[in-house]
Amino acid sequence: MSQLTLADFGISQSLIAHLVLIFVVFQALVLTSAFMVWMERKVCAYIQDREGPNRVGPAGLLQPFADVIKLVFKEDLRPKAADTFLFMIAPIISTATAFAAFSVVPFGGETTLFGLLDQPLRLEVTDVNVAVLVIFAVASMGIYGIVLAGWSSNSKYSLLGGLRSAAQMISYELSYGLALAAVIMLAGSLSLREIVTNQAGTWWGFIPKWYVFLQPLGFFIYMTAGVAETNRAPFDFPEAEQELVAGYHTEYSSMSFALFFMAEYINMVTVSAVATSLYLGGWLGPFASGTIGWVWFMAKVLLILFFYVWMRWTLPRYRYDQLMEFGWKWLLPAAVLNLIATAALVIWLG
Amino acid sequence: MDLVTFYILAAITVLASIGVVSSRNPMHSVMLLIVSFGALAGLYVLLDAPFTAVTQIIVYAGAIMVLFLFVVMLLNQHKEDDPEAMPASLVRINSRGFVLLSVLLAVELAVALSRIGITTFTTDAGAVASISSVARIGTALFTTHAFAFEVTSVLILVSMVGAVVIARREH
């Protein structure tokens, strides 16, 4: 009697490899979110000339885990007048869209895991030929988590915070999309993998052909819109502690609050990852991009995340009307001009 | 496999749409409509039109439904109007309208059901890719259908300006 292998059940080696990859990416996102909690508190502390968490684990590295354990043990409150179903589903929508957006981001070339695999495995969850639009679409769905949280809590602060946050996000989505469109024109493709591979090579031997050098204004617009999309300082008025108690997540406690937190950090990671792929050459580095490309990718993403945290604790917050005015009257025209200039140059230079 | 996915997505679309009109809570109606649009985007993907699917999510589920949501939230209605509390004249007008609408819909349903057939999904990757490629959609939009495109953008601009003017006048 011949041995039954997994392949007889239709489970091929590449399927198992993909499932493992999805698991690894998911865990990496969760761990990055935990690492961001630590980095935020440490960087904030050093900017404020103090040390930050240094008791739990070496250099306070286990602090995020202590925070999560504390949050899990808290009571899961729910205001009586809240719409129960929407109240419960809001953090789920936020978190699910945050994770889903990362599924089309490629973070490395191909790998065979040191020859274990028969076919090379691409380092991404899925390769969609309209990847940039998928990220945009999923980001638009993330707005619902915030709006529903604000509404279903049935409290003034939450509703105001939710509405303001949603209005801010849809306003800055326009500039976000236009900055994306300019890069798409340069690359000629909507697939993130192709956009990254178009940035291979160097000019004069040492300047890498990254799009940030061709699109400096576009990079600035993208990062600004990205910071506003993720509701981070200096655009975090809807969550401002001093103004609105805590904005749309006032009434949430325990794991639901932790989910919102995690969703915000993972949105930041996604914006940074997309910025890296679009402008900073993705997983391409000065050497060994084919094999350890993901290390370059992680380094660039961590650099942008560091800028995020640095900005939060350095810059004062925009007031809400200043924020909206900036988004509509300054950033949007700049994005349109950037698009027109890019189009003109692409046509002129062929 | 495609057929099973089609039936699941189609069932979700239809059930969610029925939920939209039968739900008592306006917020639930809006959310069910979003679910319906999501399933519709899935159907577009099955038809090998990924660009249309993603654009459906971005424009409809992501922007227009947020607008609907804002309106519902600002009206602050937690459930729909009570028919017993409406004046009798209004109820009579409404019921006549409903009867007419039901008759029309029944006729349309009968015509649609009489034309049921099983569609085969094409597996010719070359033909599929050329029709649905973004470049071809863009070319068609700006050459063959350029006039319709420009007219649509003027239409949207007009409605935006109109909304701003109306909102300012009530100030």
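Because the model is predicted, local features were taken at pLDDT of at least 70 and side-chain atom pairs at pLDDT 80 or more, whereas totals for chains, interfaces and linings use all residues. Residues are numbered from 1 along each chain as its sequence is written, and chains are lettered from A in the order in which they are written.

A residue counts as buried if 20 or more other C-beta atoms lie within 10 Å of its own, as exposed if 12 or fewer do, and as partly exposed in between, with C-beta atoms placed from the backbone. Helices (H or I, at least four residues) and strands (E, at least two) are DSSP runs numbered from the N terminus. Two residues are in contact if their C-beta atoms, placed from the backbone, lie within 7 Å. Apart from neighbours within four places in sequence, Ala179(A) is in contact with Gly218(A), Ile221(A), Tyr222(A), Ala225(A), Ala335(A) and Asn338(A).

Helix H8 (residues 216-229) of chain A has 14 residues and should span 20 Å at 1.5 Å a residue, which agrees with the 20 Å between its end C-alpha atoms. The expected span is 1.5 Å times one less than the number of residues in the helix. H8(A) is mostly covered, with 10 of its 14 residues buried; these include Gly218(A), Ile221(A), Tyr222(A) and Ala225(A). Among the elements covering them are H4, helix H5 (156-187), helix H10 (254-279) and helix H12 (320-349) of chain A.

Two residues with positive phi lie in loops of chain A. Asn231(A) counts as buried because it has 23 C-beta neighbours inside 10 Å. Asp49(A), in the loop between helix H1 (13-47) and helix H2 (63-73) of chain A, has a phi near 65 degrees. Asp49(A) is exposed, with 6 other C-beta atoms within 10 Å.

Chain B contains 7 helices and 0 strands. Of its 171 residues, 16% are buried. Among chain B contacts between residues at least 6 apart in sequence, 53% join residues at least 24 apart.

Between the chains, 18 residues of chain A are in contact with 13 residues of chain B. On the side of chain A that touches chain B, H4 and H5 each supply at least two residues, and H4(A) gives the most, with 9 residues. The residues on this side divide into 15 nonpolar, 2 polar and 1 charged. Here Ala, Val, Leu, Ile, Met, Phe, Trp, Tyr, Cys and Pro count as nonpolar, Asp, Glu, Lys and Arg as charged, and the others, Gly among them, as polar.

Met27(B) lies in helix H2 (residues 26-46) of chain B and is buried, with 21 other C-beta atoms within 10 Å. Not counting residues up to four places away in sequence, Met27(B) touches Asp83(A), Leu86(A), Trp151(A) and Val72(B).
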